[in-house]
Amino acid sequence: MYKIMIVEDDDKIAAILGGYLDKYGYEPVRVTDYRNVKQAFVELAPHLAILDINLPQFDGFYWCRQIRTISNVPILFLSARVGEMDQVMAIENGGDDYITKPFHLEVVMAKIKSTLRRAYGEYASVQQTMTDMIDMEGLTLDRSKGTLEWNGRRTDLSRNEAKLAEVLMRQAGHIATREQLLEALWDDVTFVDDNTLTVNVTRVRRKLEEIGIDRAIDTVRGQGYRLLVTWRDAP
């Protein structure tokens, strides 16, 4: 189930949109603390965010820029502003699409489905297979060379470390389950157990520390691990 974060100060619009998302099998979560949208994003770890532009405290453009410092999660703007410059600013500030009010719910749902498909579905899979390079907020994994690089610093990875780094980077900000990670390590020859996974995750943590990224992998008890996209805040 995809989690959709809604940042909309109109209660009626937020309720209608949330109800429609729930009806189609999504998990809508509304944020109403408009002073701490970035923190809410980190805590909720949504798969997609919907931002209004006219918000109390800071506008949606500001919060989109803030989110972009830690995540590439898709962001859709929802606004009553119909000017071309507003739409240009939405894209330039990191948005993926722009929907004007009043809107048709079917159009909103179509855009959400299309955006999620590009980010996580079959279109994303095709794009991922076209390159050995995986980039997440400036952290680059070269699968062909087995290297991890950030901010001009590079470290070599073992085969297993590279496999784990790939899974964690593709799901940055979200939980990579132990089952997913074990499956990435397993092959027809080598048996992999929980202890092997724990050891290799610890090694990936150390490799990240070598290139200047500390405390990047969060252990989610009973579930797996999550790569916290916090290094963009580092100097």
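**Labels and their cut-offs**

Me: Why is Tyr 62 called partly exposed?

Reply: Tyr 62 has 25% relative accessibility. Buried means under 20% relative accessible area, exposed means over 50%, and partly exposed is in between, with a 1.4 Å probe and protein chains only. So Tyr 62 counts as partly exposed. Keep in mind that this is a predicted model, where local features need pLDDT of at least 70 and side-chain atom pairs count only at pLDDT 80 or more, while totals for chains, interfaces and linings use all residues. Residues are numbered from 1 along each chain as its sequence is written, and side-chain values use heavy atoms, with hydrogens and water left out.

Me: What makes Phe 58 and Tyr 62 a stacked pair?

Reply: The structure holds five aromatic pairs. In one of them, Phe 58 and Tyr 62 sit 4.4 Å centre to centre, with 25° between the planes. Rings of Phe, Tyr and Trp (its six-membered ring) pair if their centres lie within 6.5 Å; planes under 30 degrees apart count as stacked, over 60 as edge-to-face and the rest as tilted. Phe 58, Tyr 62 and Trp 63 form one aromatic cluster.

Me: And why is Phe 58 labelled partly exposed?

Reply: Phe 58 has a relative accessible area of 38%, so it is partly exposed.

Me: Why is His 47 called buried?

Reply: Its relative accessible area is 18%, so His 47 falls under the 20% limit. His 47 lies in the loop between helix H2 (37-44) and E3. Helices (H or I, at least four residues) and strands (E, at least two) are DSSP runs, numbered from the N terminus. Leaving aside neighbours within four places in sequence, the residues in contact with His 47 include Met 1, Tyr 120 and His 174. Contact means heavy atoms within 4.5 Å.

Me: Why is Gln 57 called exposed?

Reply: Gln 57 has 57% relative accessibility, so it counts as exposed. Its place is the loop between strand E3 (48-52) and helix H3 (60-68).

Me: Which peptide bond is cis, joining Lys 101 to what?

Reply: The cis bond joins Lys 101 and Pro 102, with omega about -5°. You'll find Pro 102 in the loop between strand E5 (97-100) and helix H5 (105-120).

Me: How do you know where the predictor's confidence is lowest?

Reply: You look at pLDDT, the predictor's confidence in each residue, from 0 to 100. In the protein chain, helix H6 (residues 122-128) is lowest, at a mean of 46, and strand E2 (residues 27-30) is highest, at 96. Over residues 125-131 the pLDDT is below 50, and beyond near neighbours in sequence, this stretch has three contacts in the model. For the protein chain, the mean pLDDT is 85, and 90% of its residues reach 70 or more.
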